[in-house]
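Here is a brief tour of one structure. Keep the sequence and the 3D view at hand.

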Amino acid sequence: MAKTATPGVAMVVSEQGKTEYKNYGYADVNNKKRVTEESLFELGSTTKAFTALAVILLENEGYLSLSDCITDYIPSFEPTIKGKKVNITIHQLLAHTSGIPPWSIRLIPEGTTDDLLEKTIHNVSGIALDTYPGTAYNYATVNYDILALIIEKVTGKRYQDYMTENILVPLGMKDSYFSTGQEKESDKLTKGYRVFFGKSLEYDAPRYYGNIAAGYLVTNSKDLERWINAQMGIGDIPDHLLKAIQQSHQVDIKTAGYEGESRYYSFGWSIHTKNRVVSHNGSNPNYSSQVLIDLEKQQAIFVLANLNSTAPSLIANNIYENMNGNHMNKFNYDDVYLFIDLVFSFLVIIAVVILCVQVIKIFRGIKLNIKDEKTRFRKMTGSSITLILSIMLLVLVMILPYLLDNNYLMVWVWMSYSVFIWMGLTSINCILSIIINIKKIGIIKSNL
């Protein structure tokens, strides 16, 4: 937690039905409010297993079939590949083999109004696919938002209402709810944070109602005890729900998404077929989570954090290794968001130093000591090259988010503020460098 700047962590560990809660750090740093098993966190993508379970329930009840095409329920949904319209099935959405590109997450509009799920699907309805449906695994969060709209179409209910009535209530998850941004904020909800200059800052992230099915279940360790035990068949679970849960752990290699050796994505779970371990991680801009369940050994860990970091995954994996008598892994600085913050924090410091030097140059005035023609040529060449490089760097900084398959909004929402500060400072430095070198070239030409 210290190394990832994560303020608070809640964990529930279950082994053969025996449960233990572990809580660390703060739900609210400023008010020194500690994390407890009742502290609420956003799950991020570990929400997807709940959505997939609902789809299985609906298939078992005859509302839909996994082989159905999306256009059977959403006629306006017409993606293309190489300019031709293609069909995507429900199974392909569940397994992330639809061909919808990962960058489609940036098409999810910000907001909390009831129409945003429909708007999200409208935004991706004519999208150009990366691959033919069913041919390759490519994780795209929007797949599960499309499933949410299908759930609404076949049930005639709002996604969150169906999920609450048919999954949360039957499992006894009384504190859990799907966050739309419309509900009154619970006093049990932890504050979310983001990393900046190696420290965590309180961060009230934008809301995306359209992404509700893929990342916005709000819950706590107490309720997740019921969820992870239900995955292992422990507890008082209605028969139809237990059957659907067991189905969600099955892998049809022909339709599942291939992630790697003996590992497939199916029904909102990453499933290791050899050791029967199901797992998933989750990230929202200011929360993260990790669940890991060994179905054979009846061991399960669910870790929640109020900052988007790798801390939950590292903790869950180490707890699992420790439970099985194996060595735990030391922390490596391989957290993407932490690494980005560290790199750009360092670059910000360099950019500030360069800015100070450039401002001093401008205020002191530009003076060139040109002794002969050779010196003139050298200074003209140097200034011209610096001018060109400054223009190129300015353009590069301006288009950087798009080179990374993102846009400015995505960088602002998900990345450390240090990225934007560096972009701003570097842009100013480039403009000042352009001004300085244009003046230098002018001085050199005037002395011809």
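At which residue does α11 bend, and which proline follows within four residues? The α11 helix bends by about 40° at Val397, and Pro401 is the proline that follows. The bend is the angle between axes fitted to the seven residues ending at a residue and the seven starting there.

This is a predicted model, in which local features need pLDDT of at least 70, side-chain atom pairs count only at pLDDT 80 or more, and totals for chains, interfaces and linings use all residues. Residues are numbered from 1 along each chain as its sequence is written, and side-chain values use heavy atoms, without hydrogens and water.

Helices (H or I, at least four residues) and strands (E, at least two) are DSSP runs, numbered from the N terminus. Helix α11 covers residues 373-403; at 1.5 Å a residue its 31 residues should span 45 Å, and the end C-alpha atoms lie 42 Å apart, which agrees. That expected span is 1.5 Å times one less than the number of residues. Buried residues (under 20% relative accessible area, 1.4 Å probe, protein chains only) of α11 include Leu387, Leu394 and Val397. The buried residues pack against α12 and α13, where contact means heavy atoms within 4.5 Å. After α11 comes Asp405, with a positive phi near 60°.

Next, an open sheet has the order β4-β10-β7, with antiparallel pairing. Strands pair if DSSP finds at least two bridges between them. Its edge strands each pair on one side only.

| Edge strand | Residues |
|---|---|
| β4 | 41-42 |
| β7 | 177-178 |

Two bridges join β4 to β10. Glu42 stands opposite Val218 in β10.

Key. Buried < 20%, exposed > 50% of the residue type's maximum accessible area, 1.4 Å probe, protein only.
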